[in-house]
Amino acid sequence: MAQLWGGRFTKATDRTVYDFNASISFDKRLFHEDIQGSTAHVTMLAKQGILTERERDEILEGLSGIRGDVDNGILEIDINCEDIHSFVEAELIRRIGDTGKKLHTGRSRNDQVALDMRLYTRKRVAVTDGLLKELLTVILDVMEENLGTYMPGFTHLQKAQPTTLAHHFGAYFEMFRRDRQRMADLYRRMNYCPLGAGALAGTTYPLDREYTASLMGFAGPTLNSMDSVSDRDYLIEFLSALSTVMMHLSRFCEEIIIWNSNEYQFVEIDDAYSTGSSIMPQKKNPDVAELVRGKTGRVYGALLSLLTTMKGIPLAYNKDMQEDKEMTFDAMDTVENCLILFCGMLRTMRFRSDRMAQSAMKGFTNATDAADYLVGKGVPFRDAHGIIGRLVLYCVEKNTSIDKLSLEELKGISDQFEADLYDAISLETCVEKRLTIGGPGQEAMRAVIEKYREYLGESALADLTTDESYTDR
């Protein structure tokens, strides 16, 4: 059992305790980050004269060999080691001898793991941002293709006013754009290097922390060594941001599930993103949408778990913090998989514009426009509201819609109605006359879409990271 400590102890750790304490089963995914951090650390040590150039080159060659052998499947990570840091150091010493024992000069496992987790999370933030950008591209494509696809807009799950599919999808564009803004905000705030903080109080070695930070693309070093090793705010922020992403995906999935139902038939989900029933041959189930909706609670659980873990921990590092990894890794994986699958489902989905338009014509979605018509005739809005209310009641009793009534029937409710009402309450008129920015009219929507295209032309966070050693899992 390779350990980085032991001189103080007179007997071996109980195997059960060792297994309970070990983290290599899950922190092995930090392997590339551990190599990256060690490479930067050794480079800095040589620059400062703490290591000789020969020692630096020998260690760097050893680290590079370990990385290459693991990547190529020649070397397996030894799960009997306590953690990934122990594995790398033990393997380095096995390969290059005593020089490898100098790798850990001027650092602690506390700042080492803080660095590894921050490097890994920084990359996953960038990956999530890239997937969100891809989703936004798909949403925008749907918007551009459906400027004139009329559908009912809802409040309280009841038909309210007519809108377009482009306008409806635009609401989700705004949601996921805010999610990307949260990723960028988090990226900037977490992009500081904790390496050099030591166990909690720095080190007596003349480290150049600014140089080390620059080697790994950080904005600079962290400024308090105690906070450096005990900070998990960036993980809490990331889990919070991921929870918000999942909330938005879940809302979107809920609507797709409703739209896919026999009662609505607004959309048809592609066969590749649907499943059937083992007993009912007619079924085509929206399982991807349902699973994304269900996995939202899983990501919420990770956030709540880490908040609970951190709430009572005194400064500085405590072993409780080892519990930050498994739940965070699972949440990262879950969100990325959900974004990939949801994006594919959305890209291949077929929209039933005929069904949407028919639905918009029912449910009196044009009632507000009918009231506005009366206001245009000089009727006070409150009086117009009452007139249209009576008109709707009349239609309900007759099982018809406003546009199906004869002019004689309309005048029976109010003598202000004229033949031009029919045009005033058509779907096209109801939608297209709403031209204020943010509205569903095509002129307003085209202006917004142009802004969205310009936005998507900007760089993604993934463009900021150039380390190609990262792999998704």
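Student: In which sense do strand S1 and strand S2 pair, and over how many bridges?

Tutor: Two strands count as paired if DSSP finds at least two bridges between them. Here S1 (residues 150–155) and S2 (residues 158–164) run antiparallel, with 6 bridges. Strands and helices are DSSP runs numbered from the N terminus; a strand is E with at least two residues, a helix H or I with at least four. Before going on: this is a predicted model, in which local features need pLDDT of at least 70 and side-chain atom pairs count only at pLDDT 80 or more, while totals for chains, interfaces and linings use all residues. Residues are numbered from 1 along each chain as its sequence is written, and side-chain values use heavy atoms, with hydrogens and water left out.

Student: Which residue in S2 does Phe154 stand opposite?

Tutor: In a regular strand, side chains alternate between the two faces of the sheet. Phe154 has Lys159 of S2 opposite it. The hairpin of S1 and S2 has 2 residues between the strands, and His156 takes a positive phi near 55° there.

Student: Where else is phi positive in a residue other than glycine?

Tutor: Most residues other than glycine have a negative phi, and most peptide bonds are trans. Gln265 has a positive phi, near 55°. Gln265 sits in the loop between helix H10 (233–260) and strand S3 (267–268). Phe364 also has a positive phi, about 60°, and is not a glycine. The place of Phe364 is the loop between helix H13 (353–361) and helix H14 (367–376).

Student: Is Phe364 buried or exposed?

Tutor: Relative accessible area under 20% is called buried, over 50% exposed, and in between partly exposed (1.4 Å probe, protein chains only). Phe364 has 18%, so Phe364 counts as buried. Gln265 has 31% and is therefore partly exposed.

Student: Which residues does a cis peptide bond join?

Tutor: The cis bond lies between Leu315 and Ala316, with omega about 5°. Ala316 belongs to the loop between helix H11 (287–310) and helix H12 (324–348).

Student: How many disulfides does the structure hold?

Tutor: A disulfide is a pair of cysteine sulfur atoms within 2.5 Å. The structure has 0 of them. For Cys395, the closest cysteine sulfur is that of Cys430, 14 Å away, so the two are too far apart for a bond. Cys395 counts as buried because its relative accessibility is 0%. Cys193, at 1%, is buried as well.

Student: At roughly what angle do the axes of helix H3 and helix H4 cross?

Tutor: Axes are lines fitted to C-alpha atoms, for helices over the stretch in contact, and angles between N-to-C directions run from 0 to 180 degrees. Angles under 35 degrees are roughly parallel, over 145 roughly antiparallel, 65 to 115 roughly perpendicular, and the rest oblique. The axes of H3 (residues 31–47) and H4 (residues 53–71) come within 10 Å and cross at roughly 170°. H3 and H4 are therefore roughly antiparallel.

Student: Which residues in H3 and H4 meet?

Tutor: Contact means heavy atoms within 4.5 Å. Among the residues of H3 that meet H4 are Phe31, Ile35 and Val42, and the H4 side includes Arg56, Leu60 and Asp71. By class, the contact of H3 with H4 has 9 nonpolar, 4 polar and 3 charged residues. Nonpolar covers Ala, Val, Leu, Ile, Met, Phe, Trp, Tyr, Cys and Pro; charged covers Asp, Glu, Lys and Arg; the others, Gly among them, are polar.

Student: How do the axes of helix H7 and H10 cross?

Tutor: The axes of H7 (residues 165–190) and H10 come within 9 Å, at a crossing angle of roughly 170°. H7 and H10 are therefore roughly antiparallel. Their contact has 16 nonpolar, 3 polar and 6 charged residues.

Student: What does Thr128 touch, beyond residues up to four places away in sequence?

Tutor: Thr128 lies in helix H6 and is buried at 1% relative accessibility. Thr128 touches Met183, Phe238, Leu242, Val335, Glu336 and Leu339. Asn110 is also found in H6 (residues 109–145). Asn110 is buried at 16%, and its contacts, leaving aside neighbours within four places in sequence, are Gly198, Ala199, Val229 and Tyr317.

Student: Is Asp423 buried or exposed?

Tutor: Asp423, in helix H17 (residues 421–424), is exposed at 54%. The C-alpha atoms of Asp423 and Ile74 are 74 Å apart, with 349 residues separating them along the chain.
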